[in-house]
Amino acid sequence: MTLPAAAPAPTDLPAATDLWKPVLVRALAALVFGAVTVFWAAPPVSGMGWSGGLYLLATGLVLVWTVRKTGLPHGGRAAKALAAAGALLAGAGAAVALLADSLVFAVIGALGLGLAGAAELLVGLAVRRRSVLARDWIASGVIGLGTAAVLPFFIDLGPHALLGVAGGGAIISGVLWTLAGLTLKHDARDVSAEAVD
């Protein structure tokens, strides 16, 4: 989903060699959480709270880290919106982990995912010609909004169903961010090789 190295976006040039790091960390967090949800047959409510909360917390913190690496102007609206969304998602994760309850997981988790998804979607659309991550933010935003919209309908089905919904979104976004991170890493290596030549 990321743009090729042949046409790097102007705002991402200063951080192009390091941008893959937070992207792959985000992918790893999503895929680990997704694997937990697939293989945990009967999670208790506390396990749902801690695993889901830590995933949301990690994703929020990595989103803030990614914004710092993108080269988006720090005072700009796009960077502020993504950083705020990351902070809100991290806060939602902390609440879900500490309050461990199906209703809290569904409502607070959905709010965090929905706000972060909306911010990623809007920023992705706004910077689609200026950032190599624009397409990835758009796709990730749609996934986050979809997960947030569906999550509250599974409250009565318990922790396994709630983790399944959240984990499904995490797996899809984890694959997306893995591809983006590997592409960015490959492109950064090409840029470094050209600089040496």
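This is a walk through the structure, from its overall layout down to single residues.

The model is predicted: local features need pLDDT of at least 70, side-chain atom pairs count only at pLDDT 80 or more, and totals for chains, interfaces and linings use all residues. Residues are numbered from 1 along each chain as its sequence is written, and side-chain values use heavy atoms, with hydrogens and water left out.

Start with the fold. The chain has 6 helices and 0 strands. Helices (H or I, at least four residues) and strands (E, at least two) are DSSP runs, numbered from the N terminus. Read from that terminus, the order of elements is α-α-α-α-α-α. Of the 197 residues in the chain, 48% are buried. Buried means under 20% relative accessible area, exposed means over 50%, and partly exposed lies in between (1.4 Å probe, protein chains only). A contact here means heavy atoms within 4.5 Å.

Next, helix geometry. The expected span of a helix is 1.5 Å times one less than its number of residues. Helix α1 has 20 residues and should span 28 Å; its end C-alpha atoms are 28 Å apart, so the two agree. For α3, 23 residues should give 33 Å, and the end C-alpha atoms are 32 Å apart, which agrees. For α4, 25 residues should give 36 Å, and the ends are 35 Å apart, which also agrees.

The largest nonpolar core holds 43 residues, and Leu82, Phe105, Leu133, Trp137 and Trp177 have the most contacts inside it. The elements giving two or more residues to this core are α1, α2, α3 (77-99), α4 (102-126), α5 and α6 (159-196). Helix α6 supplies the largest share, 10 residues. Such a core is a set of buried Ala, Val, Leu, Ile, Met, Phe, Trp, Tyr and Cys residues joined through side-chain atoms within 4.5 Å.

Take Leu82. Leaving aside neighbours within four places in sequence, Leu82 is in contact with Leu63, Val67, Leu72, Ala119, Glu120, Val123 and Trp137.

Helix α1 also has an inward side to inspect. Among its buried residues are Trp20, Val23, Arg26, Ala30, Phe33 and Thr37. Why does Arg26 count as buried? Its relative accessibility is 9%, and buried means under 20%. Not counting residues up to four places away in sequence, Arg26 touches Thr59, Val62, Leu63, Glu120, Ser140 and Trp177. Thr59 lies in helix α2. Thr59 counts as buried, at 5% relative accessibility. Beyond its neighbours within four places in sequence, Thr59 is in contact with Arg26 and Leu89.

Aromatic rings come next. The whole structure has 1 aromatic pair. Phe33 and Tyr55 form it, stacked, at 4.5 Å centre to centre and 5° between the planes. The pair links distant parts of the chain: Phe33 in α1 (residues 20-39) and Tyr55 in α2 (residues 45-70), 22 residues apart. Both Phe33 and Tyr55 are buried. Rings of Phe, Tyr and Trp (its six-membered ring) pair if their centres lie within 6.5 Å; planes under 30 degrees apart count as stacked, over 60 as edge-to-face and the rest as tilted.

Another ring meets a charge. Lys185 lies over the face of Trp20, 4.7 Å from the ring centre. The criterion is NZ of Lys or CZ of Arg within 6 Å of the ring centre and within 35 degrees of the ring normal.

Finish with two residues. Ala139 is found in helix α5 (residues 134-150). Ala139 is buried, at 18% relative accessible area. Its C-alpha atom is 8.5 Å from that of Glu120, 19 residues apart along the chain. Leu125 lies in helix α4. Leu125 is partly exposed, at 39%. The C-alpha atoms of Leu125 and Arg135 are separated by 7.9 Å, with the two residues 10 apart along the chain.
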